[in-house]
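Below are some questions and answers for a reader new to this structure. The sequence and the model come first.

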Amino acid sequence: MCSVIGRAKLVQRFLAQTLRFHASTEGSSCIVTQRRRFCPGVSSVFLPLPVNRRSYCSRMAMTHGLLFRQLFEVESCTYTYLLADTDTKEAVIIDPVLETLDRDLNLVKELGLNLIVAVNTHCHADHITSTGLMKKRLVGLKSAISKFSGASADIHLSEGDKITFGRHSLVVRETPGHTDGCTTLVLGDQIMAFTGDALLIRGCGRTDFQQGCATRLYESVHQKIFTLPDECLIYPAHDYLGQMVSTVGEERKFNPRLTKSKEEFVKIMKNLNLPRPRKIDISVPANLVCGVHEV
């Protein structure tokens, strides 16, 4: 019995040493990944990572003074993003959905935030934005969308414009192709990019309606998104497979459509044969007037 206990203790010591070794290498990134999965946007700083070991997993956490939340609307599989300065409490929300208006406003209230801008990455065809009604319930809130969207808003965005909240800002990159008014919003230090429907995780927005053009979309992604740093985190407007985040480096390497030549990409997009969005006849007219048409 004593020899068995002794061997067990030796094994325990060996495992403890192994775990300590892994904690000094990839363990930190695993901790960050797990915490990010269940508590996205927690701005605490975790253990530092070696530069060559999946450091992108922790970079979001090390953005000093940034609060970040990734929210999901189940019917249209839309992601809504809330970002705020932890000191000034100024906040922006990206792609809010009508059905989750109360949820989003309750979260803003709970966190004590001052929501100053609600921005849409484009004029959506699959859901109605909550921007218009959100403005009615929050004094001082401004709506924003691309000037090429054809939609009404308080702020019409162009290439290089900045949406500032506290010490942070989102920089506008025009990425048309899915629609004329598609924009990608890049955090000032280029560690996060909110790509709307232009670039999805291992996919992209369709180009067969609403001013869609496969050639323009291909050029937009390659010139405006794939030129960002490899470790820049990609947050799309939708995901239908449960994926929450990617990186520029991953998409440049693994995206099954956008790793092809332009000619191959155009051919792929021309032959998708997707069904017409179920809510397009309701969503587009509503979103052109900030989501308050017959609501």
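A residue counts as buried under 20% relative accessible area, as exposed over 50%, and as partly exposed in between. The model discussed here is predicted.

Q: Is Asn-273 buried or exposed?
A: Asn-273 sits in the loop between helix H7 (262-270) and helix H8 (280-288). The cut-off for exposed is over 50%. The relative accessibility of Asn-273 is 70%, so Asn-273 counts as exposed.

Q: What is the phi of Asn-273 near?
A: Asn-273 is a residue other than glycine, and its phi is positive. The value for Asn-273 is near 55°.

Q: Which class of accessibility does Gln-190 fall in?
A: Gln-190 belongs to the loop between strand E9 (183-187) and strand E10 (192-196). Its phi is also positive, near 60°, in a residue other than glycine. Gln-190 has 28% relative accessibility, so the class is partly exposed.

Q: Which strand gives the most to the lining of the largest cavity?
A: The count comes to one cavity of 30 Å³ or more. The largest cavity holds about 70 Å³ of space. It is lined by 14 residues, and those closest to its centre are Asn-120, Thr-129, Ile-145, Asn-287 and Cys-290. With three residues, the strand that gives the most is E5 (residues 142-146).

Q: How many charged residues are in the lining of the largest cavity?
A: Six residues of this lining are nonpolar. Eight are polar. The number of charged residues there is given as no charged.

How values were computed: Residues numbered from 1 in each chain as written. Predicted model: local features only at pLDDT ≥ 70, side-chain atom pairs only at ≥ 80, totals over all residues. Heavy atoms only, no water. Helix = DSSP H or I, 4+ residues; strand = E, 2+ residues; numbered from the N terminus. Buried < 20%, exposed > 50% of the residue type's maximum accessible area, 1.4 Å probe, protein only. 1 Å grid on protein atoms, 1.4 Å probe; cavity = no way out; pocket = protein on both sides within 12 Å on 5 of 7 lines; lining within 4 Å. Points joined across faces, edges and corners; volume = space filled by probe spheres on them. Nonpolar A, V, L, I, M, F, W, Y, C, P; charged D, E, K, R; others polar.
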